[in-house]
Amino acid sequence: MKTTADETRLEQRFQQRIEQEQKIEPKDWMPDGYRKSLIRQISQHAHSEVIGMQPEGNFITRAPSLRRKAVLLSKVQDEGGHGLYLYSAAETLGTPRSELIAALQSGEAKYASIFNYPTQSWGDIGAIGWLVDGAAIVNQISLQRTSYGPYARGMVRICKEESFHQRQGYEIMIALAHGSPAQKRMAQDSLNRFYWPALMMFGPHDSESAHSARSMQWKIKRETNDDLRQKFIDQTVPQIEYLGLQHPDSEISWNEARGHYDHGEIDWNEFYAVINGNGHCNRQRITHHIRAHEDGAWVRDAITAHNEKLRKRAQQVA
Ligand SMILES: [Fe+2]
Ligand SMILES: [Fe+2]
């Protein structure tokens, strides 16, 4: 049996490895809290990738050209792939995927709130790629240095694909913003609706964030919510200027002393309302996920039966 003294020693050794920037691997000793935090964060991330396929999937059949359709289809497929890498990374911590998915479907697990907003126009597909994938990249680049090995390595690959997503979105915005007056209005409207929810993707202010401090100590998180959000705000200003659109935040202004843009306050009431299930599409997203999961049951059954057959055959040969 392990004594408290043993535990303390293990924990000190663990924290030392973190300080030395060594990656923690699945079979290494880790504190319970570290494991739980990671399962929560990685599965939440996986759910976001998969639920995020829905708002954009809504426009695959309505893309304005064959080329746009092919690009969007490929982008949405990538998101499914990101979900798979991340579920696999979460499984290395000992929780089976079926349990993670059950938690999503029961509402116990969360996913990024942004995907509870509806896609109303083609401009929204541009704004999502540009702003939502753009915000995700800022966060995920930082997570390439997260302390858990499988998560960090998953992020490297995901980031490469995310930068393609961001560019395809921005390219749609360029076409619209430099197009007819009606197209320009569409681009502005999409920017207005997705800008603030994109800022909310970085989570609450650090002072309000339940998990922030400990996640920083364990180097699960490498930069604070507010620092990452500031990076995104700063990089978005020239992009909006290039499009010739109006910035949705009337208080945006360059602060020479800080070397950053000052900005208006986020509507946190809206943030918490959507997180707590009162966004436009919360129910629709989960209902759709459950239906797709049930429709796919025969595939899972067939794979299980096939593997069982292979296993028996191998046994007979042996
Ligand atoms: Fe993704
Ligand atoms: Fe993406």
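Donors are taken here as N, O and S atoms within 2.8 Å of the metal, and water is not among the atoms, so sites may look incomplete. On this basis, in a model that is predicted, the protein donors of the iron ion (ligand 1) are Glu49 (OE), Glu79 (OE), His82 (ND1) and Glu162 (OE). The 4 donor atoms subtend angles of 84 to 146°, which makes the arrangement around the iron ion (ligand 1) irregular. For reference, the ideal angle for four tetrahedral donors is 109.5 degrees. Along the sequence, the donor residues of the iron ion (ligand 1) follow the spacing E-x29-E-x2-H-x79-E. Distant parts of the chain are linked by the pair glutamate 49, in helix H2, and glutamate 79, in helix H4 (residues 66-91), which are 30 residues apart. Both glutamate 49 and glutamate 79 are buried.

The iron ion (ligand 2) is coordinated by Glu79 (OE), Asp133 (OD), Glu162 (OE) and His165 (ND1), with distances of 1.9 to 2.2 Å. The angles among the 4 donor atoms of the iron ion (ligand 2) run from 90 to 166°, and the site is irregular. The sequence spacing of the donors of the iron ion (ligand 2) is E-x53-D-x28-E-x2-H. Here the pair linking distant parts of the chain consists of aspartate 133 in helix H6 (residues 122-143) and glutamate 162 in helix H7 (residues 149-177), 29 residues apart. Aspartate 133 has a relative accessible area of 5% and is therefore buried. Glutamate 162 is likewise counted as buried, at 1% relative accessibility. A separation of 3.3 Å is found between the iron ion (ligand 1) and the iron ion (ligand 2), and glutamate 79 coordinates both.

Helix H1 (residues 4-19) comprises 16 residues and spans 22 Å from its first C-alpha to its last, close to the 22 Å expected at 1.5 Å a residue. Its buried residues are Phe14, Gln15, Arg17 and Ile18. Viewed down the axis of H1, these buried residues fall within an arc of 155°, so they line one face of the helix. The exposed residues Arg9 and Gln12 are carried on the face of H1 turned away from the buried side. The cover over the buried residues of H1 includes helix H2 (32-51) and helix H9 (212-217). After H1 comes glutamate 21, which has a positive phi near 65°.

The largest nonpolar core contains 69 residues, of which Tyr34, Ile42 and Tyr148 touch the most other members. H6 supplies the largest share of this core, 10 residues. With residues up to four places away in sequence not counted, tyrosine 34 touches Phe14, Ile18, Ile24, Ser147, Tyr148, Trp218 and Ile220. Two of these contacts, Phe14 and Ile18, are buried residues of H1.

Proline 181 is placed in helix H8 (residues 181-200). This residue counts as exposed, at 63% relative accessibility. Proline 181 and glycine 81 are 100 residues apart along the chain, and 37 Å separates their C-alpha atoms.

Terms used. Residues are numbered from 1 along each chain as its sequence is written. Chains are lettered from A and ligands numbered from 1 in the order in which they are written. This is a predicted model: local features need pLDDT of at least 70, side-chain atom pairs count only at pLDDT 80 or more; totals for chains, interfaces and linings use all residues. Side-chain values use heavy atoms; hydrogens and water are left out. Helices (H or I, at least four residues) and strands (E, at least two) are DSSP runs, numbered from the N terminus. The expected span of a helix is 1.5 Å times one less than its number of residues. Buried means under 20% relative accessible area, exposed over 50%, partly exposed in between (1.4 Å probe, protein chains only). The arc is that of the directions from the helix axis to the C-beta atoms. Contact means heavy atoms within 4.5 Å. Donors are N, O and S atoms within 2.8 Å of the metal (3.2 Å for Na, K and Ca); water is not among the atoms, so sites may look incomplete. Four donors count as tetrahedral if all angles lie between 85 and 135 degrees; four count as square planar and six as octahedral if opposite donors are over 155 degrees apart and all others between 65 and 115; anything else is irregular. A nonpolar core is a set of buried Ala, Val, Leu, Ile, Met, Phe, Trp, Tyr and Cys residues joined through side-chain atoms within 4.5 Å.
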